[in-house]
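I am opening my notebook on this structure and will write down what I looked up, entry by entry.

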Amino acid sequence: MFKKTKLGQHKLYAGLASVAALALFTACTAEEPAQEEEPADQQTEQQDTSAPAEETSPADNGSANQEETSEDAAETDEASGDDEVYSIIEAVESEHNNGFIIDIDREDDGSTYEVDVVVDSEVHQLDVSADGAITLDETDTDDDDIRKADQATVTVTEALDEAFSQHAGAQFDQIQLDEDDGSIHWEVELEDDNGSDIELEVPAT
């Protein structure tokens, strides 16, 4: 009888020990600390450290080059428009904003310009001083001049821009809308630094 009791006690103790071991293992697993998360500040510092420095992309370089090219073109246009004749054209077009200039002739002394402008089917012959003062010399109705002005699509300013782009540094002398063999063009006369004449034609259509 005692032997049976001791055997039962051993089984009971073994069972209790198993239960205790299982409970201890479960408790240790539940109490194991979770992996600590890095503070937000440390994460930000790591991101800042790993982020590459800003570099200028090829597209940005292209934009910068385009801006420099535009500035260079603007300087070139300004240089071609330095001649006094441009201020004469501006004065006449301000006075006759619906007119079409067909002829400009600089006097030898350079103080005045003779300008022909077609306005409302009439040709106004003007004397224009270097300071922009305009005097009407006479008015006529030259059908050929009026017809050429109606057909021309290139203005006197555009024709001069083309002429000065080919001969930078030259000085204006004369420009006239003319026609040869049914072709309308601008006849332009300039003077170089040595006073030599430069003659060229610019299409007017």
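With which residue does Asp144 form a salt bridge, and how far apart are the closest N and O atoms? I found that Asp144 forms a salt bridge with Arg147, with the closest N and O atoms 3.8 Å apart; a salt bridge here is a side-chain nitrogen of Lys or Arg within 4 Å of a carboxyl oxygen of Asp or Glu.

Before going on, I note that this is a predicted model, in which local features need pLDDT of at least 70 and side-chain atom pairs count only at pLDDT 80 or more, while totals for chains, interfaces and linings use all residues. Residues are numbered from 1 along each chain as its sequence is written, and side-chain values use heavy atoms, with hydrogens and water left out.

**Entry on the helix.** I looked up where the pair sits: Asp144 and Arg147 are 3 residues apart in helix α5, so about one helical turn separates them. Helices (H or I, at least four residues) and strands (E, at least two) are DSSP runs, numbered from the N terminus. Asp144 is partly exposed at 45% relative accessible area, and Arg147 is partly exposed at 31%; buried means under 20%, exposed over 50%, and partly exposed in between (1.4 Å probe, protein chains only). Asp144 and Arg147 also belong to a network of salt bridges with Glu179. Lys148 is buried at 9%, and Asp145 is buried at 17%.

**Entry on the sheet.** I then traced an open sheet of 7 strands in the order β4-β3-β2-β1-β5-β6-β7, with antiparallel pairing; two strands pair if DSSP finds at least two bridges between them. The edge strands, β4 (134-140) and β7 (197-203), each pair on one side only. Strand β6 (residues 183-191) pairs with β7 over 7 bridges, and Val188 stands opposite Leu200 in β7.

Which residue forms a salt bridge with Arg106? I found Asp173, with the closest N and O atoms 4.0 Å apart. Arg106 lies in strand β1 and Asp173 in strand β5, so the pair ties together parts that are 67 residues apart in sequence. Arg106 counts as buried at 10% relative accessibility, and Asp173 counts as buried at 14%. Searching the whole structure gives 4 salt bridges.
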